[in-house]
Amino acid sequence: MEEQLLSSKGNKFPVGTSCSTSVVLSTCVVMCGSLAYGFAVGYTSPVQSGIMADLELSIAEYSTFGAILTLGGTIGALVSGTIADMVGRKVTMWIMDLCFILGWLSIIFAKSVWWLDIGRFLMGIGAGLLLYVAPIYIAEIAPKSIRGGCTAAFAFMVYFGFSLMFLIGNILPWRTLAIVGIIPSLVQLIGIFFIPESPRWLAKIGLDKEIEASLQYLRGKNVDISLETAEIKDNVESLTMLSGSRYLDMFDRRYAHSLIVGLGIMILLQSGGTDAISSFASSIFIKAGCSASFATTTMGFIQLPFAAMGIFLLDATGRRPVLMVASAGTCLGNFVVGVGFLCKDYDQLSQFSATFVLVGILVFAIFFSMGVGGAATTIVSEIFPMNIKGSAGSLAIVCNWFTSWIVTYAFNFLFEWSPSGVFFMFTFFSGLMILFVAKIVPETKGRTLEEIQASLTLLN
């Protein structure tokens with residue numbers, strides 16, 4: 001079979017592989033980044049006792065170590081859209097990988113809390129870049145019929161990495177576990193050489209020949225890409241003439257709907273407690289009287305099949321129903337955990353506390369992995385037009401990280417004050433997500449990115 005070679009800013013890739021193979025290969029490379037992020041999020045829970053003992057850390061110091069990932073993520077998110085628009089999606093992923101690798105090395109060789117904090121902060125910057133560029137890249141390369149599943153696969157690998165850290169974290173020392181954490185970033189660093197640049201980013205910077213070659217590679221050698229190419233070019237050109245690409249354009253009234261949807265989903269996602277529960281699951285189970293190793297191992301195992309189910313649900317049933325049902329499940333899970341901790345205050349009910357907390361956390365983990373994370377990420381990657389995608393997408397991820405930082409840093413202090421109260425707060429915000437989706441969030445299943453963005457813009 002003959003191969004053509006495209007050179008785009010020095011990067012070459014073959015044209016002629018089938019659509020499914022090309023998209024799957026590109027998605028798998030991006031999924032290495034989500035695996036790295038899952039490792040980073042899941043790392044702090046199983047190693048808490050080991051690190052605190054070896055480096056003699058206080059609760060406040062370890063809380064800072066756990067939460068500083070989100071502070072780095074906020075900074076990474078602030079610049080993610082600008083970097084991705086300037087140098088492209090692929091180069092942004094290279095920068096992201098370097099942040100993860102340097103961060104893990106700092107933790108591996110840490111002799112004090114400062115090295116831990118610096119390493120986790122660097123990983124946070126990488127994660128901030130990842131959560132913008134990876135879903136955007138997948139949404140921009142995947143056909144509309146499988147776009148939801150491809151983006152959900154990205155979320156699945158986050159849960160897989162998180163679960164794997166929980167499973168092997170009960171066996172390996174914390175420095176060895178950090179060595180394992182480097183592996184996905186090294187794999188992705190190499191794999192990026194073998195995937196194409198996003199055709200929509202190429203259209204934005206005016207590289208017409210490269211757009212066609214990238215699409216041909218992604219859709220297949222014998223597929224007619226003329227209509228899709230024309231649609232992408234026309235959409236980018238019309239948006240550029242409409243308002244240019246200034247940062248403040250995202251606050252124009254015509255984009256109000258998409259901006260409210262993107263920011264609202266990201267804020268409510270973190271306000272429901274996901275990162276706090278992920279980062280401090282062991283201490284939650286210990287407080288309830290559960291075996292931390294058994295509970296975290298069970299949590300790790302149970303998430304994976306439901307996360308895999310979410311890959312198919314998004315394209316089969318749509319984003320809105322999956323997000324609403326899954327949010328109802330996380331709401332129920334948080335409520336059961338709150339009731340479990342409330343039982344500890346009553347002698348006749350205290351025997352049920354551990355069971356309620358374990359069941360509640362598992363319910364939360366099942367529904368979050370099945371739909372909340374994947375559906376939220378998919379919707380936010382689809383709704384912003386190309387001319388504001390960098391600025392609006394970055395702002396949405398900043399909101400995600402900043403909310404996560406507040407919740408994660410405050411969690412241990414609030415948890416000491418009132419374990420049940422914290423989870424009832426999480427219950428409230430999970431319930432609010434259901435109402436928000438029902439009233440404001442549009443369905444994006446089965447529509448091209450251009451159709452979605454045009455409909456949202458016309459609503460204003």
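User: Contact means heavy atoms within 4.5 Å. Which residues of helix 6 meet helix 16?

Analyst: The model considered here is predicted. On the helix 16 side, the residues involved are F368, S369, G373, G374, T377, T378, S381 and E382. Their partners in helix 6 are R147, G148, T151, A152, F154, A155 and Y159.

User: How many nonpolar, polar and charged residues does the contact of helix 6 with helix 16 have?

Analyst: Gly is among the residues that count as polar, whereas Tyr counts as nonpolar. By class, the contact of helix 6 with helix 16 has 5 nonpolar, 8 polar and 2 charged residues.

User: Are helix 6 and helix 16 oblique or roughly perpendicular to each other?

Analyst: Helix 6 spans residues 147-169 and helix 16 spans residues 353-382, and their axes lie 8 Å apart. The two pack at an angle of about 125 degrees. Roughly perpendicular covers 65 to 115 degrees, and roughly antiparallel begins over 145. The two helices are therefore oblique.

User: How many of the 23 residues of helix 6 are buried?

Analyst: From its first C-alpha to its last, helix 6 reaches 33 Å, close to the 33 Å expected at 1.5 Å a residue. A residue is buried under 20% relative accessible area. Helix 6 is largely enclosed by the rest of the structure, because the number of its 23 residues that are buried is 20.

User: Is V91 buried or partly exposed?

Analyst: V91 is placed in helix 4, residues 89-108. Its relative accessible area is 28%, and buried requires under 20%. V91 is therefore partly exposed.

Technical notes. Residues numbered from 1 in each chain as written. Predicted model: local features only at pLDDT ≥ 70, side-chain atom pairs only at ≥ 80, totals over all residues. Heavy atoms only, no water. Axes fitted to C-alpha atoms, helices over the stretch in contact; angles between N-to-C directions. Helix = DSSP H or I, 4+ residues; strand = E, 2+ residues; numbered from the N terminus. Parallel < 35°, antiparallel > 145°, perpendicular 65-115°, else oblique. Buried < 20%, exposed > 50% of the residue type's maximum accessible area, 1.4 Å probe, protein only. Expected span 1.5 Å × (residues − 1).
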